[in-house]
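Work through the exercises below with the model open. Try each task before reading its solution.

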Amino acid sequence: MTALDSLLDQKVLDFYINQNVGTENNPQQRNLYSKEEYKRILEPVIRIMKEYPYENLDEWRERLFQQSGIEEKVRKFIYDRQELPGTVFCYGDQNYSEVIVAGNSRECTMDESGNYVPVCIPMTNDSEFDLASVTKLFTSLVVSKLVAKGLIDLNATITHFVPDMKNLKSATIYDVLTFRKVIKSGPIEQAKSFEEAREMLFDSYIDGSFAGANAYNDRNAMVLKYVVEAATGMPFEHVVEELIIKPLGLTATITSSKKASVELSGKIVSNNYCYRLLKDGTITLDNKVLHGMPFDEKARILCNDGLSGHAGIFSNIEDLTKLAREITSGTSQLARIYEIGKNKTGEVFSNQDGKIVWKQHLGELSYSKNPVAENSEVHHALSGVTIASAGWNCTQLTADPINGIHFAMGGNKPHSRFALIAPNQRDKMIQYGNGKRTVKLTSGLEVPVSAYTAWTRDEYVRDPAIELAMQNQFLSELHSSEKECFRNGSKIRTIGERPS
């Protein structure tokens, strides 16, 4: 056995041990990844260094990239299957990261008669994304900072801070932050006015009958926004700016839809022209999502009350990478980093059919590692305190503070796509041999389907990206001068369509 082989065995063991950090009270999350699986990921690093001993660090990284197959996977995801119009994503650690840009920021517009007009505006590395539910991560980070400052007690009730939410008097801040109690309300997205929407939210109640598998929802984060405002005496968006955005230097992160539409209009990716195929067979088209407006209807209607706690922040990959690196730095100025991603809800659950399944594994307004890989926002190779936050637009941020690995993704799932297909209408989809799915409109236009990107994204983007980040980290550790020469280095790659 060579010295490199010994270092490989040690790195495999480190990852194998780290996967269980934070799972002490959750045995179902332990040992989900084997030593053999870690070795499969890391062995290419040793093989390349042995086969090409005289190459430099950049050349080794390029070989890892080419051997990963991620370039072809992204092409299949964006250009063949057309799962998204485009994406920008980043993966790496504290010392090195890579950004991949693919596809389009906008593919179409519509004329005054409602006719489809093709437009091609490519994604760029500074494209600005509606983060959707990744906004919840900012809310969780703010609450944690206020807990550390002594301004919020997790055992206090919601009504201690917001007496007008009288139906929530039995819920503590911790209950709501961790989804241990599920908040429900009237259909805020259908409200005819801001006043009606706000009244619905303040009339929210605990779903005492909830016994389902999926506790994740938007209302919990929406309520916590008002707790933050009561605890600080400041508008929520100002608290986010003062505690998170300004200290971390997130200069492209915007909390106000009005500011976003003015300051970032040329960079914001389009989420307009979203199709839905409903269970009665009706096809709807949302063509009112203008630049700078959040896609989420609830965030849109409540914007008169400022930023919502569940959606509405805009940002780009550079800023998401800064945030992820802060979380994984080991010296973060953020608070309770090792608590946010720990499982608070996941347990065995028997559904109505008697089938034994797992309840969602959730942390504090975030996802935790699910024992079933296809249902897990957290890659199984990462630690048990990994924080994962995902948005409906196909945005995602993963940050592992134990292993120092991060992944961030921006996408525009709703734009010119069928982003929702009712289960009983799936037979309306046209399936192609390359994996592409479409629905044909009465006009004859076939519109691609993006409704399943929460699952396909993992195979084609998240998993190979995180595995490359692990490889690059191992390579950095083997290359003794890397930290001095390549501190915070990065490489931007643009992936176009396959050459004809």
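The exercises cover aromatic pairs, a strand sheet and a pocket.

This is a predicted model: local features need pLDDT of at least 70, side-chain atom pairs count only at pLDDT 80 or more, and totals for chains, interfaces and linings use all residues. Residues are numbered from 1 along each chain as its sequence is written, and side-chain values use heavy atoms, without hydrogens and water.

**Exercise 1. Classify the aromatic pair of Tyr 216 and Tyr 367.**

Step 1. Apply the rule: rings of Phe, Tyr and Trp (its six-membered ring) pair if their centres lie within 6.5 Å; planes under 30 degrees apart count as stacked, over 60 as edge-to-face and the rest as tilted.

Step 2. The Tyr 216 and Tyr 367 rings are 4.8 Å apart centre to centre, with 20° between the planes, and the pair is stacked.

Step 3. Now place the residues. Tyr 216 sits in the loop between β6 and α9, and Tyr 367 in the loop between β11 and β12, so the pair ties together parts 151 residues apart in sequence. Helices (H or I, at least four residues) and strands (E, at least two) are DSSP runs, numbered from the N terminus.

**Exercise 2. State whether Phe 295 and Trp 392 are buried, partly exposed or exposed.**

Step 1. Take the cut-offs: buried is under 20% relative accessible area, exposed over 50%, partly exposed in between (1.4 Å probe, protein chains only).

Step 2. Phe 295 has 4%, so Phe 295 is buried. Trp 392 has 34%, so Trp 392 is partly exposed.

Step 3. Their rings form a stacked pair, 5.3 Å centre to centre with 10° between the planes.

**Exercise 3. Describe the lining of the second largest pocket by class.**

Step 1. Nonpolar means Ala, Val, Leu, Ile, Met, Phe, Trp, Tyr, Cys and Pro; charged means Asp, Glu, Lys and Arg; the others, Gly among them, are polar.

Step 2. The lining has 14 nonpolar, six polar and four charged residues.

Step 3. β2 gives the largest share, five residues.
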